Amino acid sequence: MVDGYGAPTVVDGGAAELAVLWGGFPALGAGAGWLLVTGAEWVAGLSWAPAQDLFELVARLPDPQAGIGGLAVGTLGGLLVAAVGTAERLAVTIDTERVRLRRDRTDRQVGRRPVRAVFVDGKDLVLLGADDEELVRERSDLAVDRLRDAFRAHGWPWADGDPHRDAYRRWVPGLPGLPTGADALLRARQRALDADRGGEARELRGELGRTGLVVRDDGRRQYWRLTRAAPRPRPEDATSAEPEVEGR
């Protein structure tokens, strides 16, 4: 529900999401623990089954202690998943002057004045600045229609998609036209993406932003575009370098 121009609007997962996290995952974990115990002897007898030593150990445990232990371990595992999921929830608070983004221990605020466009790119909430640079890119599972209605209700410039989507180019190592130092950062970021080092990839995205580059990902592929403030390459730079093909 959108509160209009007066009171701030909060968009988050709400009570239903918390109920799923703290009710559903512990229940699923308990069920998985019980199935592990009751099916351990059968799995241990399968010659092709993995981790047979573990299943043989579980099968030798006495009843009812084994069943109680399976339920307890499964429930604790579900509670751990719920705690991690709760910490990763994004809450977005919007009013006419600013937007506040809270996740776990991070709390970030962005004023309305520098924001030129707000949109959702895949699962990312994105805010663009006056030079078409990314002020914010936050991953979330929040409903697009709720975000759209909330931002529009408070007068923010909502867009139904990335207004610069056609400006992106696929990154190829050694491609001309990049700002100084950007190719090396993109190489390092590609290694981070390939190794699933998400924190490092986010940090390198910020470094690329300081060179005047905006990066978006399609799987493990990187696409880039220049901001308005980015230094433009000289004409001779566009023809002096040949794209390097990895493995060549």
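Which side chain meets that of Lys123 in a salt bridge? The partner is Asp141, and the nitrogen-to-oxygen distance between the two side chains is 3.0 Å. This briefing describes a predicted model, in which the protein has 248 residues, 38% of them counted as buried, and a secondary structure of eight helices and ten strands. Among the contacts in the protein with a separation of 6 or more, 58% are between residues 24 or more positions apart.

**Salt bridges**

- A search of the whole structure finds 21 salt bridges, and the pair described above, Lys123 with Asp141, is one of the salt bridges in the model.
- Lys123 lies in the loop between S5 and strand S6 (124–128), while Asp141 lies in the loop between S7 and H5, so this pair ties together parts that are 18 residues apart in sequence.
- Lys123 counts as partly exposed, because its relative accessible area is 47%, whereas Asp141 has a relative accessible area of 64% and is therefore exposed.
- Another salt bridge joins Asp121 and Arg216, whose closest N and O atoms are 3.1 Å apart; Asp121 belongs to strand S5 (residues 117–121) and Arg216 to strand S9, so parts that are 95 residues apart in sequence are tied together.
- Arg137 forms a salt bridge with Glu134, with 2.7 Å between the closest N and O atoms, and Arg137 is buried, at a relative accessible area of 17%.
- Salt bridges that share partners join Asp121, Asp124, Glu134, Arg137, Arg139, Arg165 and Arg216 into one network.

**A buried aspartate without a salt bridge**

- Asp162 is placed in the loop between helix H5 (144–153) and strand S8 (169–170), and this residue is buried yet has no salt bridge.
- How far away is the nearest side chain of opposite charge to Asp162? That side chain belongs to Arg216 and is 4.7 Å away, which means that the pair falls outside the cut-off of 4 Å used for a salt bridge.
- A polar atom of the Asp162 side chain does, however, lie 2.9 Å from the backbone nitrogen of His164.
- When neighbours within four places in sequence are left aside, Asp162 is in contact with Phe119 and Tyr168.

**The largest pocket**

- The largest pocket holds about 1,300 Å³ of space, and its lining is made up of 44 residues, of which Asp124, Arg137, Glu138, Arg139 and Arg202 lie nearest the centre of the pocket.
- The elements that give two or more residues to this lining are helix H1 (14–38), strand S4 (106–111), strand S7 (134–139), helix H6 (182–194), helix H7 (198–210) and strand S9 (213–218).
- Which element gives the most to the lining of the largest pocket? It is H7, which supplies seven residues.

- Arg170 is placed in strand S8 and counts as partly exposed, because its relative accessibility is 43%.
- Although Arg170 and Trp224 are 54 residues apart in sequence, their C-alpha atoms are 6.6 Å apart in space.
- Leaving aside neighbours within four places in sequence, Arg170 is in contact with Leu175, Arg221, Gln222, Tyr223 and Trp224.
- Gln190 is found in helix H6 and counts as buried, because its relative accessibility is 12%.
- The side chain of Gln190 makes a polar contact, at 3.2 Å, with the side chain of Gln222; leaving aside neighbours within four places in sequence, Gln190 is in contact with Trp171, Arg220 and Gln222.

**Positive phi angles**

- Asp132, found in the loop between S6 and S7, has a phi near 65°, which is a positive value in a residue other than glycine.
- Is Asp132 buried or exposed? Asp132 counts as buried, because its relative accessibility is 5%.
- Asp196, found in the loop between H6 and H7, has a phi near 60°, again a positive value in a residue other than glycine.
- Asp196 counts as exposed, because its relative accessibility is 60%.

Key: Residues numbered from 1 in each chain as written. Predicted model: local features only at pLDDT ≥ 70, side-chain atom pairs only at ≥ 80, totals over all residues. Heavy atoms only, no water. Helix = DSSP H or I, 4+ residues; strand = E, 2+ residues; numbered from the N terminus. Buried < 20%, exposed > 50% of the residue type's maximum accessible area, 1.4 Å probe, protein only. Lys, Arg positive; Asp, Glu negative; His and termini not counted. Polar contact = N/O pair within 3.5 Å; in protein donor to acceptor, adjacent residues only side chain to side chain. Contact = heavy atoms within 4.5 Å. 1 Å grid on protein atoms, 1.4 Å probe; cavity = no way out; pocket = protein on both sides within 12 Å on 5 of 7 lines; lining within 4 Å. Points joined across faces, edges and corners; volume = space filled by probe spheres on them.
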